[in-house]
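Here are my notes for you to read alongside the model. Keep the viewer open and look for each item as it comes up.

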Amino acid sequence: MSLLEFARGPAIHAALIIMVAGFALRLLGVLVLTRGADMSRPRDAFGNFKGYRTVFSRAWPAGEFTTTTRYQTVVAYVFHIALLLVIVGIVPHIEFIQSLTGLSWPAMPNFLGVALGTIALASLFALIFRRLAKPAIYNSTVGDYVAWVVVALPLLTGLMAFAHVGLRYETMLALHILSSALLFAYMPFSKLMHAFWFIFSRAQSGLAYAHKGVRI
Amino acid sequence: MSTAATQANPSQTPVFPSFAEVYQGLAGQIGMLREMAPAPTKSDEQRLKGAVDTLIEETNADEAVWLESCIHCGQCTNACHYFQATGEAKYAPMRKMDLYRRVYQREISPMRWWHRLVSKPVKLSDFEEASELIYDSCSECGRCTMVCPMGIDTASLVHHMRSAMVAAELVPPELAALRMEQKNMGTVFGSSPDALKKMVDTIREQAGVEIPLDKDKADVMVLSSAVDLVANGNGLLATAKIMNHLGVDWTIRSDGFESANFGLLSGDMSLWKHQVDPIIEAAQKVGAKTLVIAECGHAYPALRWNPMLSSGELPFEMMYMSEFLGKQAKAGKLRLTPFDGKVTFHDPCKTGRRGGAFDEPRAVLAAMDADLVEMPANKEYNWCCGGGAGIFLLEDATRLRDESFKIKIREVNDTGAESVVVSCASCRLNFESGRQKNNWDKQVHSLVELVADHLIDDETATKGQARGAAA
């Protein structure tokens, strides 16, 4: 079995199984915990329901915090959107998804895929530079840096394979798939779980404050 | 004192000292608290176990999700006044839940088997070191929650840590001393039922204002607070003037009058409840329809937002003094003389961002035609004064408090107002401290005292009403 065959076969499949099992373990393990009851009378009868707005409203920081959050927010959005488009938009990814699920859709032109991949990688660097430049603001841990490397690797190797730079194409492709496998397997055990937590976390705070008549 | 007050009572000499003197007197008493702090009684192992067990017991899905959600994006750091004031990384809000998260990961998390393999066990010294983050540098003001993209409620996580610190016998000396006083003697700075009675007598004899103490039945039950009873008689005097002026059927009960709750401030949930129960009982006994909480910020969450109390089932409504006054003003019952000059309003964290009483105090200011100018960051985004959640009392937090108050000075100065109105004894003490230390040229008013000073003279009002009735 070649490295590429290993990457395309057992490695990526095992990683996906670990990812799904990990998501389930960590989500269920937390969400089955009891919910503390706030028995105090809400400020208004339907007030609590308004709390769910926070799930959406917190997608952008309030004007009050514009100066301190602009860089992080804008760059993070650029990164997330570019990355998502690359993941679901280029031909080889769609073929991979089709092999797993049978679903497929039209792909974006190659030049656009390369452009978006480059933007995603560049924004990732923009984020780590700021993290390194302002240690007092970020209070970074080892986990923050590991997560950055694990996310950056598939982007870097993917772009290199696509552009035929670095090692032989088959090797670069294998490295791209292996680093993606690492990302999949690592996701549930890291802060990358925020992809799920943000919904619950925002809703909880939104509800707790709405109970008191405060819109956050 | 405002000019309106002098006009309203031209001949009256003050019965009680000014708030500047009140602050100086209290500062002396607070200084003595450290010597009165109890020493730990349990072994280190028991203290550590108590702290960890407390966190395990208090961790529900909400806390777990919040602990899981932090991505270290750094947004909260700049939102915290203690970080802003010092620029020191350790005061970033995200750091304040680190120890809690370690306990969570090792004891509760679905990944605990893994964390037990790779992380070191938590030690009592970890809790000792966290004290500065849990008490001195977090007023549980919740401003960081307003910016967190995950919406993590750091303040409530810090509050669970305070409960753990109670079990670890690591409450800062000042709060520990007051907690023990309230637990063992039911008083705060000696604010006993006798002290209440004496204050009521003083107010009757020297200010000629009647306080209906211990009535059997009353529509409105009013709470007082230790600050009013042992230092600032003007607070209770102002409350009495307003209640009498409104003509409400009210009382203060010596079996439930204390707003201050050092159970809540220290993190002692059982003392919290122990302190709240008699108040609720007294209010039910007198058949109150309204319970008015004195201008004591944390008393609002202690009573009105007490999660352990099914307040929807109680026959009375609980409201903060500013809410009560605001409702009276909105109903047109509070007729006040105009307030001259520009003024700004400081929302106490516990009644504002974490309480939701924004409109009412502003309605009171509107009732005196005040030229209200909001601070650049106001209401939900208001900067904490730096003295909340008991921090005003902590000697170790002096630098943090003083430095962070400079943000408040800047905010108030930006409005161009000559005076700032607060509605919380802690905020007011902290403002007074900041005013004196910085030779700040602003006046600081308490909402309730300001209203009392601006009441339209009783006789004129009565005559006006009588004329109205005759016509």
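1. Two terms first. Two strands are said to pair if DSSP finds at least two bridges between them. Helices (H or I, at least four residues) and strands (E, at least two) are DSSP runs, numbered from the N terminus. With that in hand, look at chain B: in E7(B), Ser419(B) is the bridge partner of Val343(B).

2. Some housekeeping. This is a predicted model, in which local features need pLDDT of at least 70 and side-chain atom pairs count only at pLDDT 80 or more, while totals for chains, interfaces and linings use all residues. Residues are numbered from 1 along each chain as its sequence is written, and chains are lettered from A and ligands numbered from 1 in the order in which they are written.

3. Back to that bridge and the strands around it. Strand E5 (residues 342-345) and strand E7 (residues 419-422) of chain B run parallel and are joined by three bridges. They belong to an open sheet of four strands, with the order E6-E5-E7-E8 (chain B) and parallel pairing.

4. Click on Val412(B), which sits in helix H20 of chain B. Is Val412(B) buried or exposed? It counts as buried because it has 24 C-beta neighbours inside 10 Å. The rule is that a residue is buried if 20 or more other C-beta atoms lie within 10 Å of its own, exposed if 12 or fewer, and partly exposed in between, with C-beta atoms placed from the backbone. Leaving aside neighbours within four places in sequence, Val412(B) is in contact with Thr344(B), Met375(B), Ala417(B), Val420(B) and Lys442(B).

5. Glu169(B) is in the loop between helix H10 (154-167) and helix H11 (173-185) of chain B, and its phi is near 55°, a positive value in a residue other than glycine. Glu169(B) counts as partly exposed, because 19 C-beta neighbours are inside 10 Å. Asn439(B) lies in the loop between H21 and E8 of chain B, with phi near 45°, again positive in a non-glycine residue. Having 6 C-beta neighbours inside 10 Å, Asn439(B) counts as exposed.

6. Zoom out to the domains. Chain B is divided into domain 1 (3-30 + 184-453) and domain 2 (44-168), with bounds from an automatic or database domain assignment. Their centres, taken over C-alpha atoms, are separated by 31 Å. The contact takes 23 residues from domain 1 of chain B and 20 residues from domain 2 of chain B. On the domain 1 side, helix H20 (residues 398-415) of chain B gives the most, with five residues.

7. Next, chain A. It has 10 helices and zero strands, and its C-alpha atoms fill a box of roughly 65 × 40 × 35 Å along the principal axes. Of its 216 residues, 31% count as buried. An unreviewed UniProt entry annotates "transmembrane region" at several stretches of chain A, including 12-33 and 74-91; positions follow the numbering used here, feature names are shortened, and annotations may be inferred rather than shown by experiment. Residues 12-33 of chain A are 91% helix and 0% strand, with end C-alpha atoms 32 Å apart. For residues 74-91 of chain A, the figures are 94% helix, 0% strand and 28 Å.

8. Finally, where the chains meet. In all, 49 residues of chain B are in contact with 49 residues of chain A. On the chain B side, H4(B) gives the largest share, seven residues.

Definitions and conventions:
Contact = placed C-beta atoms within 7 Å.
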